[in-house]
Every structure is written in C-alpha cells, then in structure tokens.
Amino acid sequence: MNKTFLFCIFIYFPFLGMAQCPEVRFIMVDACNGSGSESDNEFFVIHSGDGLNVNDLGFTTPTGTVTATSTNNTDFNATNPCPSCVSGCTIHFVANGGSVPAGQHVVVFTSRNLNYLTYDLSGLCIGGQIYMLVANATPGTGQFANWASGSCSGCNPSAGDPNRTTTITEAGGCSMDATYSRCRLRNMAGTCASQDGGAAVFTNGTVTYNNNGCATPDLPVDFGKFTVEIKNQGVEIFWTTMQEVNNDYFTVQKSSDGVLFDNIEMIPGAGFSDSELLYEFSDTRPFSGVNYYRIKQTDFDGKFSFSDVQAVRFQPIGEGRKVVFAPHGILINGGEEPFFVSVYSSDGSLVSQLSHQTGQIELDFDSLTPGVYVLAMHNTFFYETHKFIR
C-alpha cells in the first residue's frame with residue numbers, strides 16, 4: 001500500500017474589488033475619555049466609496065440620529081489643535097455642503113467634547129489625505145456600548161442582546177448597517193474584555209474586532225473574508241484584505257482552546273494596497289479535535305491588530321478509519337462519521353463515487369482496467385487519499 005505525499009502551498013495575488021457606496025469601516029466603541037464623560041472622544045470612520053457630499057449623508061448610531069451640523073473646524077480645533085492630531089497627512093475638515101472624493105476615509109466625531117485626548121489618526125491616511133467631520137450627537141450621551149461584566153462573560157453575552165447597529169445612508173439609495181457585539185470587543189492582548197481602544201472593524205459589512213490603543217485607532221489593514229477548511233490531512237487557511245496601509249507582515253496563530261494562541265507562520269504583507277488581496281496558508285500539523293485560528297497583522301512601526309477567530313474540528317488519519325488493499329479489492333473500516341469515497345484515475349478523472357458511507361465498505365477491482373488510481377475519503381472533519389495500482 002502506498003499513500004500519496006501530502007504538500008502545502010502558499011498563494012498571494014490581487015484581484016479587483018472596489019466599494020461604490022459609502023461604508024462604515026471602523027467604530028471606536030471603547031473610547032479614551034481621560035477624566036471626562038463616557039461620551040467624549042467617540043467617533044467612527046467611513047470610506048467614501050465613489051465620493052460623497054456631506055448633505056447627502058445620514059447616520060444612526062445605537063443611541064439615535066447623528067447629524068453633520070458643524071460648518072467649520074472650530075469645534076475640533078478648540079481643544080485639539082492640528083496638525084498634532086495627524087502626522088504626515090493633510091487634514092480636510094468637511095463642512096455642510098462639502099464633498100469628499102472617491103476612495104478616502106472620513107472620521108466622523110459624534111461628540112464635540114474632544115478635549116481629553118488627541119488621537120493619532122495617521123493610520124487612516126489614504127494617499128496623503130484624511131477627512132474629518134464634527135457631527136452633533138445628543139449632548140452628554142454615549143453613542144455606543146462597551147464590553148461590560150454585567151452583560152458579557154468572556155466573548156459571550158450573559159444578559160440582554162449584545163448587538164449594536166450603526167446605519168449610514170446616502171441620497172440615491174445607498175445604505176449600510178454596521179452591527180457589532182459589545183461582548184466581542186477586545187483589550188490590547190486580544191482578549192474579550194473592557195479596555196480603552198476596543199474597536200469594531202467592518203469590511204463589506206463583516207465585522208472583526210481589534211484594539212490599537214488610545215493613541216493609534218488606525219486601519220492598517222481592512223480584513224475581508226477569513227475561512228478555514230480541512231483539506232489533504234491539514235487545514236487550509238484563507239483570508240483577504242480590502243486595503244493595506246503600512247502593513248509589514250501577518251502572523252498566523254493557532255489555539256486548542258480559543259484563548260491562548262501560538263504563532264505558527266509569518267507571511268509578508270503588501271505594505272500599501274487599495275486592491276483586494278488574497279492570502280493562503282496550509283497548516284500541515286493541526287491538533288486532533290478543535291483548532292482555533294486567527295490572523296495577527298503588524299505594521300512597520302510595530303502596531304498590530306487581530307482578525308476574527310475561526311474554528312474547525314480535525315480528525316487525523318487512523319482515528320476510526322482503516323484501509324486494507326487486497327489483491328481483488330479494498331476493505332475500508334470508516335468509523336461512525338458519514339463520509340464520501342471516490343476513486344480517480346491517474347489523469348484525474350472520477351471513476352466511481354459513494355456518498356454518506358459509514359462502518360465497513362468493500363470496493364472490488366473488477367470494473368477497473370490496469371493502471372494507477374487514487375482513493376479519496378473525506379467529510380467535514382478529514383480529507384485522506386491513497387494511491388494504489390490495479
């Protein structure tokens with residue numbers, strides 16, 4: 001009996017994917033407020049899509065409607081004189097009737113009380129530009145909901161609905177709901193807990209969570225899709241980025257309990273990119289049982305963020321299955337989990353296939369012409385192949 005050799009591949013290539021409507025990209029939920037009110041220093045970030053006019057925008061936060069009423073940058077500059085708030089980037093304060101060109105970030109401050117902290121927003125800079133809008137929220141009211149011990153136990157809710165939604169609309173029919181779970185907000189260690197800097201990041205409506213700290217709520221990487229799947233007796237890990245700014249490298253991390261993660265691979269980032277990029281990595285040594293994965297992104301100055309966590313259950317070769325090759329056929333003891341059985345010729349053509357098999361299976365060679373074949377067995381938890389000669 002000969003088994004096929006297993007191998008892993010790494011693929012990295014760009015493909016196009018551009019936003020059209022404005023999108024919520026980032027919500028600074030657990031804002032740093034110094035000695036002030038919880039409502040101070042809150043903001044969210046939108047991407048301008050194909051460009052926008054401020055008068056066409058509408059915002060609804062979990063607390064209520066936010067309107068863009070500022071006619072100049074006086075409210076912001078009174079306590080946060082720029083350019084100390086942004087390094088190496090031209091600031092454009094957008095007033096009523098003002099416009100933002102395509103492909104830019106707009107920082108929407110939902111409170112005029114910004115006097116307790118000056119944020120470093122330089123990581124949001126696109127092409128040397130950043131746009132700021134001072135909106136008018138209900139005075140003295142926080143717009144978002146932080147992680148709270150009375151409502152959350154770790155990353156899971158313990159009381160009430162943890163989800164909070166911010167909606168952005170634009171005249172002409174554009175609309176986006178950005179929903180996050182207050183219980184999945186993270187501290188600087190990546191653990192679900194309360195700490196200033198806990199933020200929600202959105203890519204095409206999909207939310208991930210990170211914490212870049214009080215002074216650096218930047219978006220070095222917009223994570224897109226992140227998936228893991230069993231393949232070739234390993235785990236294939238895929239993720240996309242919608243945008244990369246100052247991105248040095250990614251670290252693939254794995255855990256057996258979803259709490260303590262180990263680094264298993266470092267993969268170079270693109271540095272700067274406005275296109276959607278796809279990354280792939282193969283973990284050829286997964287744990288037996290549940291494997292948890294996440295991607296840590298690190299930029300050139302050491303700042304980092306995390307993707308969401310994905311999990312998959314892996315059952316290695318030999319656990320409940322046994323394959324015996326006899327002169328006239330194959331005997332398979334498949335265990336209790338239903339699985340698929342396929343036979344392929346040497347040119348990759350499917351010769352025969354059985355689905356949802358359990359227990360003991362016998363395959364005879366009577367219908368096979370002499371040659372080299374591959375036996376493949378798989379289900380959600382494993383993928384196993386064997387090469388044999390008829």
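**Disulfides, a covered strand and a buried isoleucine**

With a torsion of -80 degrees about the S-S bond, the link of Cys152 and Cys183 is left-handed. This pair connects distant parts of the chain, with Cys152 in strand 11 (residues 152-153) and Cys183 in the loop between strand 14 and strand 15 (198-203), 31 residues apart. The sulfur atoms of Cys152 and Cys183 lie 2.1 Å from each other, and both cysteines are buried. The model described here is a predicted one, and it holds three disulfides.

Another of these links joins Cys155 to Cys192, with an S to S distance of 1.9 Å. The torsion about the S-S bond of Cys155 and Cys192 is about 90 degrees, so this disulfide is right-handed. Here, too, distant parts of the chain are linked: Cys155 sits in the loop between strand 11 and strand 12 (156-157), and Cys192 in the loop between strand 14 and strand 15, 37 residues apart. Cys155 counts as partly exposed because its relative accessibility is 30%, whereas Cys192, at 6%, is buried.

Cys21 and Cys174 form a further disulfide, with 2.1 Å from S to S. A torsion of about -65 degrees about the S-S bond of Cys21 and Cys174 makes the disulfide left-handed. Cys21 belongs to the loop between strand 1 (12-15) and strand 2, and Cys174 to strand 14 (residues 174-181), so the pair ties together parts that are 153 residues apart in sequence. Cys21 is partly exposed at 30% relative accessibility, while Cys174 is buried at 16%.

Attention now turns to strand 3. Strand 3 (residues 43-47) is mostly covered, five of its five residues being buried. In a regular strand, side chains alternate between the two faces of the sheet. In strand 3, Phe43, Val45 and His47 point one way, Phe44 and Ile46 point the other way, and all are buried. Strand 3 pairs in the antiparallel sense with strand 2 (residues 23-28) over five bridges, and Val45 in strand 3 is the bridge partner of Phe26. Five bridges also join strand 3 to strand 9 (residues 105-109), again antiparallel; there, Ile46 has Val106 in strand 9 as its bridge partner.

Finally, Ile237 is found in strand 18 (residues 234-255). Ile237 counts as buried because its relative accessibility is 0%. Apart from neighbours within four places in sequence, the residues in contact with Ile237 include Phe226, Val228, Val252, Tyr279, Phe281, Tyr293 and Ile295. The C-alpha atoms of Ile237 and Gln310 are separated by 9.5 Å, although the two residues are 73 residues apart along the chain.

Methods. Residues numbered from 1 in each chain as written. Predicted model: local features only at pLDDT ≥ 70, side-chain atom pairs only at ≥ 80, totals over all residues. Heavy atoms only, no water. Helix = DSSP H or I, 4+ residues; strand = E, 2+ residues; numbered from the N terminus. Buried < 20%, exposed > 50% of the residue type's maximum accessible area, 1.4 Å probe, protein only. Contact = heavy atoms within 4.5 Å. Pairing = 2+ DSSP bridges. Disulfide = S-S within 2.5 Å.
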